[in-house]
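Here's a quick briefing to read with the model open. Have a look at the fold, then work through the notes.

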Amino acid sequence: MEKYLNILNIAIYGSAVLLMLIGLYGALTKKSLIKIVLGLSILDSGVHLLMIAIGYLKDGTAPIFSPGNEDKMNIMVDPIPQALVLTAIVIGFGVTAVALSLVIRLYRHHNTLRIDEIKKLKW
Amino acid sequence: MKKVIVLISLGILGFYLIDIFLGIGFGVQHFTAGVKDLYLSNSKDTLKVSNVVTAIVVNFRGFDTLGEVTVLFLASTALGGILYKKRHHVGERSVLFPASRVVMSGAKLLFPSIVLLGAYVFIHGHLSPGGGFQGGTIIATGFLLMLLTYRNYSVSHNRLVYFESLAGILFVSIGLVGYFSKGSFLENVLPVGNMNELFSGGVIGIIYIAVGFKVAAELTGIIYTVLHEKD
């Protein structure tokens with residue numbers, strides 16, 4: 001029970017998970033294609049925030065050996081999640097760009113962005 | 001009805017995610033300690049790179065970055081393919097209003113400094129926060145400003161493709177040089193120099209400059225394709 005009482009943990013992980021849930025909710029329930037793509041993008045940023053938060057170390061500094069920081073190796077935060085998130089951001093950008101271009105193409109074809117008005121997309 | 005089902009399932013998902021991550025804890029050492037220390041000490045002692053994230057992205061996991069750059073290239077190619085249209089008139093963008101005189105002068109004034117900032121960020125990627133992807137994005141925002149301001153500002157597509165291919169070939173050939181002289185792909189072949197100097201880290205600086213050019217060209221191409229999409 002004690003783990004639910006730490007405010008900082010709740011705030012950090014809670015906001016990341018909340019972002020993911022908001023994104024999933026948007027992607028699942030919204031009717032406009034643009035909003036669905038936006039939801040996926042918000043989901044992406046929630047995942048990035050979560051990964052960065054896992055790598056954090058209490059009272060840690062950035063993993064950069066700038067002058068004066070050369071001997072602080074013990075208190076540096078984990079650089080591996082940050083490198084992974086750098087990759088994930090770029091991949092997320094590519095996914096969003098291609099999804100938006102597909103949305104443009106659909107709009108050109110059906111003249112609407114609402115998925116309930118595009119008959120062939122109904123489920 | 002659908003919204004209720006979605007809300008209930010998202011609530012369950014959120015509860016379990018929160019539960020798992022609160023169990024992990026925030027700010028405590030919970031990865032295998034050796035991996036982090038190995039990356040930190042290797043990048044400090046053998047590679048002499050001060051920004052450890054750059055060292056991981058470009059050197060230790062350089063092959064990953066090559067794949068990432070390839071994904072970006074595929075995304076920009078797919079965008080061009082999906083949005084391709086036979087009739088293509090430059091200068092008739094109906095979505096954009098003409099910009100005011102203040103914006104025009106301001107954009108002309110800001111554009112060189114934005115490009116300079118981007119170049120600074122990717123040249124100094126191994127010394128300070130930043131790197132090829134970030135610098136390339138900054139340069140692309142400069143081009144976005146110009147494209148939004150001037151209705152008939154056009155970027156030569158051939159030149160973009162030229163830059164992009166050259167940067168990609170440079171990246172792969174540095175990797176191949178490492179393979180043939182040291183025995184593994186993207187191995188460092190240049191002297192590593194001193195820490196916190198511009199010429200340190202061996203091939204990292206060159207690779208990040210190539211990545212910066214490539215990302216800038218790709219993003220500019222994507223922006224240009226989408227902006228000139230009219231109907």
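B:Lys48 is buried, because 21 other C-beta atoms lie within 10 Å (buried means 20 or more other C-beta atoms within 10 Å of a residue's own, exposed 12 or fewer, partly exposed in between, with C-beta atoms placed from the backbone). Keep in mind that this is a predicted model: local features need pLDDT of at least 70, side-chain atom pairs count only at pLDDT 80 or more, and totals for chains, interfaces and linings use all residues. Residues are numbered from 1 along each chain as its sequence is written, while chains are lettered from A and ligands numbered from 1 in the order in which they are written.

**Loops with positive phi**
- B:Lys48 sits in the loop between helix 2 (33-45) and helix 3 (52-60) of chain B (helices are DSSP runs of H or I, at least four residues, numbered from the N terminus).
- Phi of B:Lys48 is near 60°, a positive value in a non-glycine residue.
- B:Asn196, in the loop between helix 7 (157-182) and helix 8 of chain B, also has phi near 60°.
- B:Asn196 counts as partly exposed, with 18 C-beta neighbours inside 10 Å.

**Helix 5 of chain B**
- Its 23 residues (101-123) should span 33 Å at 1.5 Å a residue, and the end C-alpha atoms are 34 Å apart, which agrees (the expected span is 1.5 Å times one less than the number of residues).
- There's a kink of about 30° at B:Leu110, shortly before B:Pro112 (the bend is the angle between axes fitted to the seven residues ending there and the seven starting there).
- B:Gly118, B:Val121 and B:Phe122 are buried in helix 5 of chain B.
- The buried residues of helix 5 of chain B pack against helix 6 (132-149) and helix 8 (204-227) of chain B.

**Helix 6 against helix 8 in chain B**
- These two pack at an angle of about 35°, with axes 7 Å apart (axes are lines fitted to C-alpha atoms over the stretch in contact, and angles run from 0 to 180 degrees between N-to-C directions).
- By class, the contact has 14 nonpolar, six polar and one charged residues (Ala, Val, Leu, Ile, Met, Phe, Trp, Tyr, Cys and Pro count as nonpolar, Asp, Glu, Lys and Arg as charged, and the others, Gly among them, as polar).

**Where the chains meet**
- 42 residues of chain A are in contact with 46 of chain B (contact means C-beta atoms, placed from the backbone, within 7 Å).
- Helix 3 of chain A gives the largest share of the side of chain A that touches chain B, 16 residues.

How values were computed
Two residues are in contact if their C-beta atoms, placed from the backbone, lie within 7 Å.
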